[in-house]
Amino acid sequence: MDKFTQNYIDGFMADLLRRNPGEPEFHQAVHEVLVNVAPYIVEYPHLMDLKILERIAEPERVVMFRVPWTDDRGEIRINRGYRVQCNSALGPYKGGIRFHASVNLSIMKFLAFEQTFKNSLTTLPMGGAKGGSDFNPRGRSDAEVMRFCQSFMTELFRHIGQDTDVPAGDIGVGGREIGYLFGQYKRLSNEFTGTLTGKGLGWGGSLLRPEATGYGLCYFTEQMLGRAGESFEGKTVLVSGSGNVAQHAAQKAMRLGAKVVTLSDSDGFIHDPDGLDEEKMAFVFELKNVRRGRISEYAKKFPGATYYPGMRPWAVPCDIALPCATQNEIGKADAEALIKGGCRCVAEGANMPSTPEAVALFLENKLLYSPGKASNAGGVATSGLEMSQNSMRVHWTKDEVDAQLRRIMSDIHAACLRYGEEGDGYINYVKGANVAGFIKVADAMVDQGLV
Ligand code: NDP
């Protein structure tokens, strides 16, 4: 990298750190994009003069609010709610809501920033946002979750709308939570609109939305493998997490002929050397989505499997890893273990699950490696399809949605190839996704003037 570009990067980061102290995840996400798009910005100096990336890194609006609610014992609880509306150059703000104890401003800002580029990659008209709360639904009764959601929406509703900002689910926010949030939104706004996505099938939801992130991840991985003359057939696959994305990634990988041997949660992971099958998958769906149990129960039910408390799955030998739990779940030592265990492909279902040190190792070792903003974009893309169906008041079949999801993932893959191919033919998917995502947002911002 030439000195001018390096100076630009250093100056940009110094300013970002000074203005946003104590936000390590946000710094990490911006730095990753900056390193890839800086050479492009230097090549097109009007983007530097117009401070396009500086503007993207300053959210258009951040809302933080109190969420008071009452637990089942009558005790008053206080949580903090967030909505970070990062960028609306391409369409209404769009991005999930996360309920998890770890939620803070840094994590919200990193996710909203990532979402802006991801949504751009989908080619659908959606800006980028993210929201959530440090509320942890784990162990809470349905009534408590409902009261929390209603209180959260009582403030959020004034900041969102079908043409303004359309939230969806994320960690800790699935069909149950979207239902309660939508009910309260409808009551407060006195309108039945498509303001949230991930809705129930009977009241405006799209077929395949729950499956879309995990399925889309596998379609994208198929494209990566296909270009290298490979497929899922006969491959050993590690999946982390056991929530929405992990479940559907595991199911689709299995159906495409892979042997999926791990799943996890924040307490540990299970290793099933025989691999998942339809019966075991059905157990996982029931365990996680109906009983809201822990993944350790899998090893009790299926004695061929072993539960490893307090550990991550990355030391298990594999061909392909699909991290689908949370940010920074693959550190340097995990990446080393993956490579040592024979892993040749890492495709991210979660957002930023690999630390910068892990990503550097994947790229150095020329793994097929794709960042979440490319490979997990199928979820938000299908949310975009849900918005279209709501606006047109139509309901597409599963096959119609699946065909569109496949096409979008294939288009994102092609965009990564366009901007990510290196001299030796290696595809740097991080660079490809960052540059392709940036160009569209940047061009729209140039057109729309200084706002
Ligand atoms: P869920 O809440 O359904 O599942 C999250 C899973 O990850 C659970 O198994 C959870 O375990 C585990 N997990 C959460 N936090 C941690 C942690 N700190 N350490 C280890 N495990 C953890 O969420 P989703 O499946 O929806 O989301 C998973 C990832 O995918 C997130 O990064 C999300 O941003 C991303 N994503 C989701 C999309 C969607 O459509 N839902 C779209 C695009 C990206 P436990 O039960 O113990 O908390």
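**Exercise 1. Describe how helix α5 (residues 105-121) packs against helix α17 (residues 429-448).**

Step 1: take the geometry. The axes of α5 and α17 come within 8 Å of each other and cross at roughly 85°. Here axes are lines fitted to C-alpha atoms, for helices over the stretch in contact, and angles run from 0 to 180 degrees between N-to-C directions. Helices (H or I, at least four residues) and strands (E, at least two) are DSSP runs, numbered from the N terminus.

Step 2: name the arrangement. The scale calls angles under 35 degrees roughly parallel, over 145 roughly antiparallel, 65 to 115 roughly perpendicular and the rest oblique.

Step 3: list the contact, meaning heavy atoms within 4.5 Å. From α5 come Thr 116, Phe 117, Ser 120 and Leu 121, and from α17 come Ala 433, Asn 434, Ala 436, Gly 437, Phe 438, Lys 440 and Val 441.

Step 4: sort these residues. The contact of α5 with α17 holds 6 nonpolar, 4 polar and 1 charged. Ala, Val, Leu, Ile, Met, Phe, Trp, Tyr, Cys and Pro count as nonpolar, Asp, Glu, Lys and Arg as charged, and the others, Gly among them, as polar.

A note before going on: this is a predicted model, in which local features need pLDDT of at least 70, side-chain atom pairs count only at pLDDT 80 or more, and totals for chains, interfaces and linings use all residues. Residues are numbered from 1 along each chain as its sequence is written, and side-chain values use heavy atoms, with hydrogens and water left out.

**Exercise 2. Work out the sheet on which α5 packs.**

Step 1: find the strand order. An open sheet of 5 strands runs β1-β2-β4-β3-β5, with mixed pairing. Two strands pair if DSSP finds at least two bridges between them.

Step 2: locate the edges. β1 (61-70) and β5 (165-168) are the edge strands, each pairing on one side only. From one strand to the next, the twist averages 20°.

Step 3: look at individual pairs. β1 and β2 run antiparallel and are joined by 10 bridges; Pro 68 has Ile 78 of β2 as its bridge partner. These two strands form a hairpin with 5 residues between them, and Gly 74 in the turn has a positive phi of about 90°. By contrast, β3 (residues 93-99) and β4 (residues 128-133) pair in the parallel sense over 3 bridges, with Arg 98 opposite Gly 132 in β4.

Step 4: α5 touches β1, β2 (76-87), β3 and β4, and its direction makes about 150° with that of β4.

**Exercise 3. Which strands lie at the edges of the 7-strand sheet, and which helix packs on it?**

Step 1: this open sheet has the order β9-β8-β7-β6-β10-β11-β12, and its pairing is mixed. The edge strands are β9 (306-309) and β12 (368-370), each of which pairs on one side only. The twist averages 15° from one strand to the next.

Step 2: helix α8 (residues 209-227) packs on the sheet and touches β10, β11 (345-347) and β12; its direction makes about 150° with that of β11.

Step 3: follow β6 (residues 236-239). β6 runs parallel to β7 (residues 259-265), joined by 3 bridges, and Val 237 stands opposite Val 260 in β7. The chain gets from β6 to β7 through helix α9 (residues 244-255), in a right-handed β-α-β crossover: with the strands pointing away from the viewer, the path from the first strand over the helix to the second runs clockwise. β6 also pairs in the parallel sense with β10 (residues 320-322) over 3 bridges, where Val 239 has Leu 322 as its bridge partner.

**Exercise 4. Are helices α12 and α13 roughly parallel or antiparallel?**

Step 1: α12 (residues 332-340) and α13 (residues 356-364) pack at an angle of about 25°, with their axes 7 Å apart.

Step 2: the two helices are therefore roughly parallel to each other.

Step 3: the contact joins Lys 332, Ala 335, Glu 336, Leu 338 and Ile 339 of α12 to Glu 357, Ala 358, Leu 361 and Phe 362 of α13. The residues of this contact divide into 6 nonpolar, no polar and 3 charged.
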